[in-house]
Amino acid sequence: MNPIYERDRTVVTVRPADSGDVEVIRAIRNHAIEHSTALWTQTPQSPAEAVTWLAAHLERGSAFVAEVDGEVAGFAVYGPWRELEGYRHTVEDSVYVREGRHGLGIGSALLAALIDAAREAGHHVVIAGIESENASSIRLHERFGFRRVGVIPEVGTKFGRWLDLTLMRLALSEG
């Protein structure tokens, strides 16, 4: 193959997150809050909020980080999709890659680990709620077998515009 088209092989290591990862996860999350429509808030997460938020994920074993060259380059979590007990077998995923690290397979490595962990924990379905113009996240989820199940128009707003939400679903077990 022509070297101009070859990509360097990036070695991505995914591991369970720990409490020592809180600040780097918060930095990645806050960058997404400030510069993207991935999180529909404009309020950065405080250090105290980050500790509480991550602790809940650590308790259920649903937080992972990806490292490249010894540096955290992304994180992924899953959590309850809805709080009522009837939804207890359904979780929602979130995958974030540090700015400047996109396209290296980090999101794929994180999503694979997240799906495996959710399946091992006995969950039945993973839901992804993605801002409809986020084509790369939609493609990532499609590669892992998620199917679009609907679009809810104009249910969020950020940066002075209305946002549509694409809902995607992956069945982890047969029901």
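Which residue forms a salt bridge with Glu71, with the closest N and O atoms 3.2 Å apart? I opened my notebook with that one, keeping in mind that this is a predicted model.

**Entry 1: Glu71 and its partners**

I found Arg101 in a salt bridge with Glu71, and the closest N and O atoms are 3.2 Å apart. This pair links distant parts of the chain: Glu71 sits in strand S3 and Arg101 in the loop between S4 and H3, 30 residues away. I then looked up Arg98, which also forms a salt bridge with Glu71, here with 3.5 Å between the closest N and O atoms. Arg98 belongs to the loop between S4 and helix H3 (106–120) while Glu71 is in strand S3, so this pair ties together parts that are 27 residues apart in sequence. I checked accessibility too: Glu71 is partly exposed at 33%, and Arg98 counts as partly exposed at 22%.

**Entry 2: other salt bridges**

I noted that the structure holds eight salt bridges. Arg15, Asp18, Asp21 and Glu67 are linked in a network of them. I also looked at Glu23 and Arg26, whose side chains meet in a salt bridge at 3.2 Å, N to O. The two are three residues apart in helix H1, and therefore separated by about one helical turn. Glu23 is partly exposed, with 40% relative accessibility, whereas Arg26 is buried at 18%, because buried means under 20%.

**Entry 3: helix H1**

I tested the length of H1 (residues 22–35) next. At 1.5 Å a residue, its 14 residues should span 20 Å, and the end C-alpha atoms are 20 Å apart, so the two agree. Its buried residues include Val22, Ile25, Ile28 and Ile33, and also Arg29 and Asn30. What covers the buried residues of H1? I found that the cover includes helix H2 and strands S2, S3, S4 and S6.

**Entry 4: His57**

My last stop was His57, which is found in helix H2 (residues 47–60). Is His57 buried or exposed? With a relative accessibility of 6%, His57 counts as buried, because the cut-off for buried is under 20%. Its side chain reaches the backbone oxygen of Tyr78 at 3.1 Å, and a polar contact of 3.2 Å joins it to the side chain of Arg60. Setting aside neighbours within four places in sequence, I listed Ser62, Ala63, Val77, Tyr78 and Gly79 as the contacts of His57. I also looked up Ala17: 40 residues from His57 along the chain, with 8.9 Å between the two C-alpha atoms.

Notes
Residues numbered from 1 in each chain as written. Predicted model: local features only at pLDDT ≥ 70, side-chain atom pairs only at ≥ 80, totals over all residues. Heavy atoms only, no water. Helix = DSSP H or I, 4+ residues; strand = E, 2+ residues; numbered from the N terminus. Buried < 20%, exposed > 50% of the residue type's maximum accessible area, 1.4 Å probe, protein only. Contact = heavy atoms within 4.5 Å. Polar contact = N/O pair within 3.5 Å; in protein donor to acceptor, adjacent residues only side chain to side chain. Expected span 1.5 Å × (residues − 1). Salt bridge = Lys/Arg side-chain N within 4 Å of Asp/Glu carboxyl O.
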